Every structure is written in C-alpha cells, then in structure tokens.
Amino acid sequence: MANSPHDLLKGYVEISSLPMIYTQINEAINNPRKSLADIARIVSEDSGLSARLLRIVNSAFYNFPTHIETVSRAVAIVGIQELRALAILTSVMQLFKGIPSHLVNMESFWRHSVACGLSAKLLATYRRETNVELFFTAGILHDLGRLIMFQKEPERALEAIMRAREENKLLYIAEREVFGYDHAAVGRVLVQSWKLPPRVEEVVAFHHSPVSASRFPVETSIVHVADVVTHVMRLGNSGESCVPPLDRKGWDSLGLSLNVLTLIVEQVERQYNDSINSMIAGENE
Amino acid sequence: MGRINIDDLEPGMILAAEVKDRSGRVLLGPGQEITEKNLRVFRIWGVLEADVQGVEKEAVDAKNMAQLDPEELQRAEKEYDALFRHTDRTDPVIQELFRIATVRQVKQMMEGNDNGK
C-alpha cells in the first residue's frame, strides 16, 4: 500500500518519463538551429501523432477550405506551441491504456480533460495571458493523477469512489480519506518526474485550492475555474460526478466580469464540438 | 445596476456608462442610443457587456428565462440542484453558472425536439 504519491509512482517505470516523441519535439522546438521542417520530420516518424495532427487541422475547428495532406503543412498551421500540447495529449493517451472500465470510462476522461484545456485556454485569452497553449496542456493534465491511482491501487480507488457516492462527498475529499492524499498530489509528482514547466506542476497540484499556489496563483485559478466550467457543462467526466466548489478568491484574482461566463460557455461548446472527435479519436488504435 | 450581456443589448437602449473595447478605448459614451451598427462594432471589438439606463441584468435574465418551457426549466433546475450540491449557491458566480447551465439544458432539449419533428 502506497502511503504517499511518491510511493505510488516508485518503480512504475512505464510512466516515469514521457514518451520519446514529446522529448524529441520539445528539444527540437527549443533548439534554435532546428527548423520547422526538422520538427515536421520528427512528427512524421510518429504515426499516432501525425494522424491526430492531420485529423485536427482538417476538422471544423480550423475549417480550412482545402484538405491538408502533409504533416509539414499541418505543423505550420497549428504552430509549435499547440504542437507541443498535442504531443502531450497523444503521449498521455498512449501511456494510460487498459484501465478497468468500472473505475473510469477513458473516453469520458479524455473528453473532460480536453474540454478543461479548451476552457482554460479561452479564459487565459480573455485575460490576455501569453502562451495560452500552456493552459491547454495544464487542462489536459490536471486530473491525470487519478489514472495512476486507478492503475496502481484499483481497490482503494474503488473504495474512494464508493465512499464519495455513499457518503455524498466530493471524490477528491474521499480520496484524501482513503489514500491520505488526492489525485492532485499524485499528478504533481508525475508532472515533476516528466520535467514539465513549474507552472504546469503548480496548476496540477493546486487546481482544487488555487489560493495555495504560491508562485503561479493566476495560472492555477484559471484552470480551477475552467474545471468548474467544464463540470457545469458536463463535457466528459473524470470520475467526479458533481460540480466542484468554486474558490471565490481564485475567481476574484482573475478580475473577470460575470458576463464573461456566457461567452466562455458558448465558445467552449463550439470549439469542443468542432474538435473533440479529432482530438480523442484513435484512443484504441 | 449591473451590466448586461452583449447578447441582451438591443437597438434603442440608452447607455448609462461608456462602452470600452478590451484595450480600454471608448467606443460609445453615456447617454447615447445604441444602434444596430454600434452592436456590430461592439462585437468586432470583443465587448462583453454594457451598462444600460433602466435595465437590470436580473430583469433581463428573468425575461430570457420566462421564454423557456417552465416545466423543462423546472426539471433542469432540479437536475442541476443535485449537481451543484457541493457549491455555494449564495455566490453570484455560482448563481450565474447555474443559470447558464439550466438555460443551456432547456435550449438543447427544445432544439432536440425540433430536430426530431
């Protein structure tokens, strides 16, 4: 029995690092000597990512007049920041397969994750944040710790689910009671071991309590609100059946008007409908 | 008081305060009557809301809700009461989200029925 998130991940080599494809793309993006063509070549070598990328650029989301046939065109259209986010999505979808369906419906899980990423990106856009793709990435990863709990300790994970249901509790509260920590703490250790940016790590760690985020409270609050919005819209599900409580201080720190919510919901709805199938298809390839 | 959503603005309404775009530039001043063209300009510049004389957000929201099928609305509210049971229902942000969620649900239901015909 793992008594800490670190214990839970110890010796779990399959997920201790992100797949090579992400590392390669990331290195190429950060290397000023590499061109877009070099990056496209790396993407082409990964059939899963190439297929997803081509599906996405040809989806209603981009609504391009002509069919995009080549990976290099596709990379040029989405841009390197979004490519990085898509490489993470593809990687995590490959990593977490074979989780028993009585614990979680994986398609629903990814739907929730992508919807939260889209909401976070839109909220960030309204706040005129730079590098909005980082919010998409953080949204995709925010609940990932839960998958580790399902995989490594299915009995206790089921116990937490049952406890939440029977005692009318939020799942992350039940997780804390059963495990002594919640999925956010597990996700944090995972993101740490993947050497993702500290901003992503803090967002994942504190997405249920954004005021505890000491270095990146705004980023964390954005994903916190995005998570609440995604639950309100019931787009997918990551195990929690209710709308999680909204941290009022987190919302206030964003300085957004109440009227922004109607627009965010409308835009998330449209972007989600236009892109979700191309984003999450191929999960069982 | 309370600024109303851009979707609820109508030509002929009189502004109670200036409308600014997202970088703070004034698009229309207080006391001006909103025209069809203004509304288009507001949308282009990403205006979210406006403060209109004699119009309250609560009243506009209530009027929009009144156009929905009351039985469907009641059903949606009951469903979302359960989903929102861990939230603070006195918080205006939660109240706005609850309103958006229930209205969206009823509209989807009504559209679904229309498509079925």
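Me: What makes α5(A) and α7(A) "roughly parallel" to each other?
Reply: In this predicted model, helix α5 (residues 71-95) and helix α7 (residues 133-141) of chain A pack at an angle of about 10°. Angles under 35 degrees count as roughly parallel, so that is the label α5(A) and α7(A) get. Their axes are 9 Å apart.

Me: Which residues of α5(A) and α7(A) meet?
Reply: On the α5(A) side they are Q81(A), E82(A), R84(A), A85(A), I88(A), L89(A) and V92(A). Facing them in α7(A) are E133(A), F136(A), T137(A) and I140(A). By class, this contact has six nonpolar, two polar and three charged residues.

Me: Over to chain B. What makes it "more spread out than a compact globule"?
Reply: For 117 residues the globule rule gives 13 Å, but the radius of gyration of chain B is 17 Å, well over that, so the description holds. Along its principal axes, the C-alpha trace of chain B spans about 45 × 40 × 25 Å. Buried residues make up 21% of chain B.

Me: What elements is chain B built from, and in what order do they run?
Reply: Chain B has four helices and four strands, running β-β-β-α-β-α-α-α from the N terminus on. As for its contacts with a separation of 6 or more, 60% are between residues 24 or more positions apart.

Me: Last one: how many residues does each chain bring to the contact between A and B, and which element of chain A gives the most?
Reply: Chain A brings 17 residues and chain B brings 20. On the chain A side, α14 (248-254) and α15 (260-280) each supply at least two residues, and α15(A) gives the most, with five.

Me: What classes do the residues on that side of chain A fall into?
Reply: They divide into 13 nonpolar, three polar and one charged.

Terms used
Residues numbered from 1 in each chain as written. Chains lettered and ligands numbered in written order. Predicted model: local features only at pLDDT ≥ 70, side-chain atom pairs only at ≥ 80, totals over all residues. Contact = placed C-beta atoms within 7 Å. Nonpolar A, V, L, I, M, F, W, Y, C, P; charged D, E, K, R; others polar. Rg over C-alpha atoms; globule rule 2.2 N^0.38 Å. Buried ≥ 20, exposed ≤ 12 C-beta atoms within 10 Å, placed from the backbone. Axes fitted to C-alpha atoms, helices over the stretch in contact; angles between N-to-C directions. Parallel < 35°, antiparallel > 145°, perpendicular 65-115°, else oblique.
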